[in-house]
Amino acid sequence: MTTDAPAMLEAPDAAGDAAVKHAGATQPIYQPPVKMRSSSRFFVKNSILAGLPLQDLAAMGEFLEPIVLRERMVLQEPRRHLDHVYFVEAGLVSLRIVAAGSILETALIGRRGAVGATLLWGAHLSTHQAVVLFPGSAHRIRVEDLHCVIQKRPQIREHFVRYVQALNLHCAQTGFCGVRHDLEKRLACWLCLAADAIDAKRLPVTHEYLSSVLGLRRAGVTETLIRFEEQRLIHKTRGVLQIDGRGCLENKTCSCYKLISSAYTATEAMISDAEPIG
């Protein structure tokens, strides 16, 4: 069942970058922390957490705290230490490379994933920036607390390994897609992956944003979206794109979509084989 994602996302520019970096100073970001009791069976939407056996989930639950994900909020910066790992419950996070004043998106992280999970395998500094695209919520845990839990319950690591493998494939395939596939296929692929990540048909994105993170000409993005609309695959209102013909839109994608989607689906299937949490 799908839901609608609220809010709009403007194209990233110099002012937008500044707004992202100073979000913490201009608005409240965190909800008051509410520690989860280890003995409670709490409901989670994040696929990694939901797939953990109850005892493992309870062990992590002592350290998890809820957080509001606000639009343009930065969760991770390149070349900086990460204090927390974020398990996305709702909303969408863009994982991107930032260089010479430009950005290039390498992956999207929704309820199936976690921001910062790759840093659990020896890396001390992040190589990517992670910015909230669509507002939502998450559970966060301090990196050192997660390390302690994993040392006591090493089977938790397997859940992270499976997800990180899928995320690494996503990033690598995005790079390949950027140099091998045409605009229409790449755009259709992004729309389908974003819809999958948030389980929604409505995407609050602008032409400017899509052209910026995909490294495409804005005019080309606009022309392609107009064709999609004429073919009744989507329809657009100001700042919002509604997917109407999902099956036909998938047919427009390149092979990258199926590879990436299958990797996440396989990861969820393996994780769901664990003991149920409820």
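Guide: Glutamate 184 is partly exposed, with a relative accessible area of 22%. Buried means under 20% relative accessible area and exposed means over 50%, with partly exposed in between (1.4 Å probe, protein chains only). The model is predicted, so local features need pLDDT of at least 70 and side-chain atom pairs count only at pLDDT 80 or more, while totals for chains, interfaces and linings use all residues. Residues are numbered from 1 along each chain as its sequence is written, and side-chain values use heavy atoms, with hydrogens and water left out.

A salt bridge here is a side-chain nitrogen of Lys or Arg within 4 Å of a carboxyl oxygen of Asp or Glu. By this rule there are nine salt bridges. Helices (H or I, at least four residues) and strands (E, at least two) are DSSP runs, numbered from the N terminus.

Glutamate 250 and arginine 246 both lie in helix H10 (residues 246-252), four residues apart, about one turn of the helix. An α-helix has 3.6 residues a turn, so residues three or four places apart point the same way. The closest N and O atoms of glutamate 250 and arginine 246 are 3.0 Å apart. Glutamate 250 is partly exposed at 29%, and arginine 246 is partly exposed at 24%. Asp196 joins Arg246 and Glu250 in a network of salt bridges.

Glutamate 144 and arginine 142 form a further salt bridge, at 2.3 Å from N to O. Glutamate 144 has a relative accessible area of 38% and is partly exposed; arginine 142 is partly exposed at 38% as well.

That leads on to helix H5. In H5 (residues 143-152), the residues Val143, Asp145, Leu146, Val149 and Ile150 are buried. They lie on the same side of H5 because they cover an arc of only 160° around the axis, the arc being that of the directions from the helix axis to the C-beta atoms. Gln151 and Lys152, on the other side of H5, are exposed. The cover over the buried residues of H5 includes helix H4 (54-61), strand E4 (84-99), strand E7 (129-142) and helix H6 (156-180).

Notes
Contact = heavy atoms within 4.5 Å.
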